[in-house]
Amino acid sequence: MTRRTEWPVDAADPSARPGSEPAAGHTAGTGEEYGPETGAGRSTGEGAGRRARTRSRSSGSPSSSRAERGESRDPVEQARNICLRLLTGTPRTRKQLADALRKREIPEEAAEEVLSRFEGVGLIDDAAFADAWVESRHHGRGLARRALVRELRTKGVDPAVIDEAVGQLDSEQEEATARDLVARKLRSTRGLDRDRRLRRLAGMLARKGYGEGMALRVVRQALEEEGEDTEGLDEPF
């Protein structure tokens, strides 16, 4: 004879009868959510939470990730934000910004709209950029006009704008800068023979964009002032 086990049943809680389960996420008859402290409900609630998190991760998409990061999907707004970040603390030419937008796959129409808007309000100014570049690189690094032209071309500055910017430097100022460069370097060449000194000093000027004729003239004069015999140094090096 099989003995039947009687289960105590709370009359006020029909759901507690054998074979019936509380609604997922709530304690039977109380309306309270399952939590870590709810005993039997713990495993059920945690399992449901893990499943929900798994579904959330598996259903993630690039668009939802962008939204979570606060990035706009509007290409114009994206282009604007990129340009503002790049311009923070560092002036850039229009071409540099255009290249950056292209690299980030911003549509050409959106990029053109933002670049033109920035140019219109003065946030992009290639002429001001070129003037500042010439001032900084000539006085800071001693670069000659030829080297400055080469650098500004790589930045995408218009040739007419470059010509106007480097026109600030005349030949006299350029030669004076070359003399200063040689005077600072001259001491480190003492002890070398005359021809090696010539090559080292003239090569330094050539790398900074000074023409061969000016470089030779400036180096010869500097060596003469130190008492070097400069006979035969009129030949190209």
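Is leucine 123 buried, partly exposed or exposed, and what is its relative accessible area? Leucine 123 is partly exposed, at 45%. The legends below take this residue and others in turn.

This is a predicted model, with local features needing pLDDT of at least 70, side-chain atom pairs counting only at pLDDT 80 or more, and totals for chains, interfaces and linings using all residues. Residues are numbered from 1 along each chain as its sequence is written, and side-chain values use heavy atoms, without hydrogens and water.

**View 1. A nonpolar surface patch.** Leu84, Val121 and Leu123 make up the patch. Together they have about 260 Å² of accessible area (Shrake-Rupley method, 1.4 Å probe, only the protein chains shown counting as cover for residues). Leucine 123 sits in the loop between helix H5 (108–120) and helix H6 (126–141).

**View 2. A positive surface patch.** Its members are Lys185, Arg196, Arg199, Arg200 and Arg207. Helix H10 (residues 194–207) contributes the most, with four residues. Lysine 185 belongs to helix H9 (residues 171–186). Lysine 185 is partly exposed, with a relative accessible area of 33%.

**View 3. Threonine 177 in helix H9.** Threonine 177 lies in helix H9. It counts as buried, at 14% relative accessibility. A polar atom of its side chain is 3.0 Å from the backbone oxygen of glutamine 173.

**Terms.** Patch residues have over 30% relative accessible area and no salt bridge; like charges are joined within 9 Å, nonpolar side chains (Val, Leu, Ile, Met, Phe, Trp, Tyr) within 5 Å. A salt bridge puts a side-chain nitrogen of Lys or Arg within 4 Å of a carboxyl oxygen of Asp or Glu. Buried means under 20% relative accessible area, exposed over 50%, partly exposed in between (1.4 Å probe, protein chains only). Helices are DSSP runs (H or I, at least four residues), numbered from the N terminus.

Methods: Lys and Arg count as positive and Asp and Glu as negative; His and the chain ends are not counted. The place of a charge is taken as NZ of Lys, CZ of Arg, CG of Asp or CD of Glu. Helices (H or I, at least four residues) and strands (E, at least two) are DSSP runs, numbered from the N terminus. A polar contact is a pair of N or O atoms within 3.5 Å; within protein, one must be able to donate a hydrogen and the other to accept it, and residues adjacent in sequence count only if both atoms are side-chain atoms.
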